[in-house]
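The following dialogue shows how to read a structure one feature at a time. Please keep the sequence and the structure in view while reading.

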Amino acid sequence: MKAFLTMSVTEFRLSIRNFVYMFFAFVFPPMMLLLFGAMYGNDPTPFYNGRGAVDVLTPGYIGMILAVSGIMGLPMQLAEYRQHKVLKRFKATPISTGTIMIPHFVVNSVLCIIGTLILMIVGKLVFNLHFSGNIFYFMATYVLSMMSIFSIGFLIAAIAPNNRAASAIAYLVYFPMLFLSGAMMPLQLMPKAIVNISRFMPLTYCVEILQKTWAGDPLSASFGTAIIILAAISIVCTVVSIKIFRWE
Amino acid sequence: MIKVTNLTVKYKDLVAVDSISFEVKKGEIFGIIGPNGAGKTSAIECLEGLKKSSGGEASVMGINPANRRELYEYIGVQLQEASFPDSIKVKELCKLFSSFYKNPADYNALLERFNLADKKNAYVKKLSGGQRQKISVVVALIANPQIIFLDELTTGLDPQARIDMWELIKSLRDEGKTILMTTHFMEEAEYLCDRVCLMVKSKIAAIGTVKELVEQAQLSQKISFTSKKTDREALEGIPGITKITEANGVYNLYGNGKNLLRDVVLYITEKNIDFEDLSCSKPGLEDVFLKLTGYSLGAAI
């Protein structure tokens, strides 16, 4: 337990020393919110079914934070640790493999939550952000979204032969997903073709369920589909990753 | 402390370690030496439980190295080319590794001993190569280990840092620690190791103290001097000398025997043969290696 805690605290410190990661998790999403909030405001509009633009954008940016952490942060850390034989060095001690691996997931989750809180505080202070859903439903969808995105990151770490490949795959997955999933800009603004492509992006389903539970929309059939898809992604990616993950 | 019997390590079709056997005794520095690619790292990592063996047996303090978590309560390791997280500080690294053990050694005392006390708040990646290697040893010692495994510890260090490291390793042995190390530096093995095993092409070519290996190889000592007023015939008849060469007045005499140098000096003084620049070189591990393999380790690297 002591090893697990010390490992988590140390990994947390190391993560917050990573400037790029901190920028994209803590600074970039609120910046986007300030930019688009300034453009569209947060007054109710029929275009968003009577909601304000900021209230609709915020759950998308939360998805963006999850993606930065899960698709970029997590696999790059793990690939870096494998390449420089840090994982191997940790294996040369009496700690369990869980104590080596789980802190990475814990720390990235905590960073997501901090990023989300910063975003919400900025939204509240500047645009009077509204949350009109059920907080427990929202938290449940948040956790499921995080699990599915992190499992994809874990898979990237598992299949990448080295840390360059891991960064390359992470970028290739992260950026298209960010723009084509409705995380960056609501799908309502996108042409039909992009909406169709977005159906292949796991993040789309995260943003969808986060938006719905944020707004307190009645739970529809498509909501159920999204939950099933994300749960399936979480399970498949995690199982495959554990099977193929190499320590060096 | 360590017993290895017919240990074999294979990667697909490649045999990295081919049925090697040896024992390491308590309180000794045992060196596995050989050129790169001889299988040293595969062998040591097998004993550290980090590689699976394909055959044979290994026991480290009676523990099968496959029981990794039990094994690491008693051993400390430094891995070849392994590094630590990029932006970690020395103190954080020490604290982290201390949390892994039930009874960790006091890292402050270790840093003090390794002259790193003033580097506690420095980032590990900002340290010099020598300091980083010392940190790897400190981290290995946090385990309070009875056996320390060192894999190519001094590779890449400058000569002064290497000599510092040698003294540190000796002091660890003098405290009663058992050390298993690999190196491809012959002078390092000669200076440090109580016993060595020479590994060549996945197999053990010879095993014993450096002195034993040199004796077993029956290598000649070489005695050289310059002389202006003598010839080769005048030198024949010195007891123990088996071969004489001469070039530009420099005579090289080869032979065996405990008192070879004394006999040569006595002989040439008696015969009033003039001599200058007398030197005697004893064969070392490098020569043993050359004799056993037919190539010099220096050339192999």
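Predicted model: local features only at pLDDT ≥ 70, side-chain atom pairs only at ≥ 80, totals over all residues.

Q: In which helix is the place of P176(A)?

A: Residues are numbered from 1 along each chain as its sequence is written, and chains are lettered from A and ligands numbered from 1 in the order in which they are written. Helices (H or I, at least four residues) and strands (E, at least two) are DSSP runs, numbered from the N terminus. P176(A) belongs to helix α7 of chain A, residues 163–180.

Q: Why is P176(A) called partly exposed?

A: A residue is buried if 20 or more other C-beta atoms lie within 10 Å of its own, exposed if 12 or fewer, and partly exposed in between, with C-beta atoms placed from the backbone. P176(A) has 14 other C-beta atoms within 10 Å, so it is partly exposed.

Q: How many helices and strands does the secondary structure of chain B come to?

A: Chain B has 12 helices and 13 strands. Its C-alpha trace spans about 75 × 45 × 30 Å along the principal axes, and 39% of its 301 residues count as buried.

Q: Into which domains is chain B divided?

A: Domain bounds come from an automatic or database domain assignment. In chain B, domain 1 covers 2–215 and domain 2 covers 220–282. Their C-alpha centres lie 43 Å apart.

Q: Which strands are joined to β6(B) by bridges, and in which sense do they run?

A: Strands of a sheet pair through backbone hydrogen bonds, either parallel or antiparallel. Two strands pair if DSSP finds at least two bridges between them. Strand β5 (residues 75–78) of chain B is joined to β6(B) by four bridges and runs parallel to it; here G76(B) stands opposite I148(B). Strand β7 (residues 178–183) of chain B is also parallel to β6(B), with five bridges, and I148(B) stands opposite I179(B) there. From β6(B) the chain reaches β7(B) through helix α6 (residues 159–174) of chain B in a right-handed β-α-β crossover. Right-handed describes a path from the first strand over the helix to the second that runs clockwise with the strands pointing away from the viewer.

Q: How many of the residues of strand β6 of chain B are buried?

A: Five of the five residues of β6(B), 147–151, are buried. I147(B), F149(B) and D151(B) point one way, while I148(B) and L150(B) point the other way.

Q: In what order do the four strands of the open sheet in chain B stand?

A: The order is β11-β12-β10-β13 in chain B, with antiparallel pairing. Strands β11 (241–247) and β13 (276–281) of chain B stand at the edges with a single partner strand each, so one side of each has no neighbour in the sheet. From one strand to the next, the twist averages 15 degrees. Six bridges connect β10 (residues 221–226) and β12 (residues 250–255) of chain B, and I223(B) has L253(B) as its bridge partner.

Q: Which helix packs on this sheet?

A: Two residues are in contact if their C-beta atoms, placed from the backbone, lie within 7 Å. Helix α10 (residues 260–270) of chain B packs on the sheet and touches β10, β12 and β13 of chain B. Its direction makes about 30 degrees with that of β10(B). Axes are lines fitted to C-alpha atoms, for helices over the stretch in contact, and angles run from 0 to 180 degrees between N-to-C directions.
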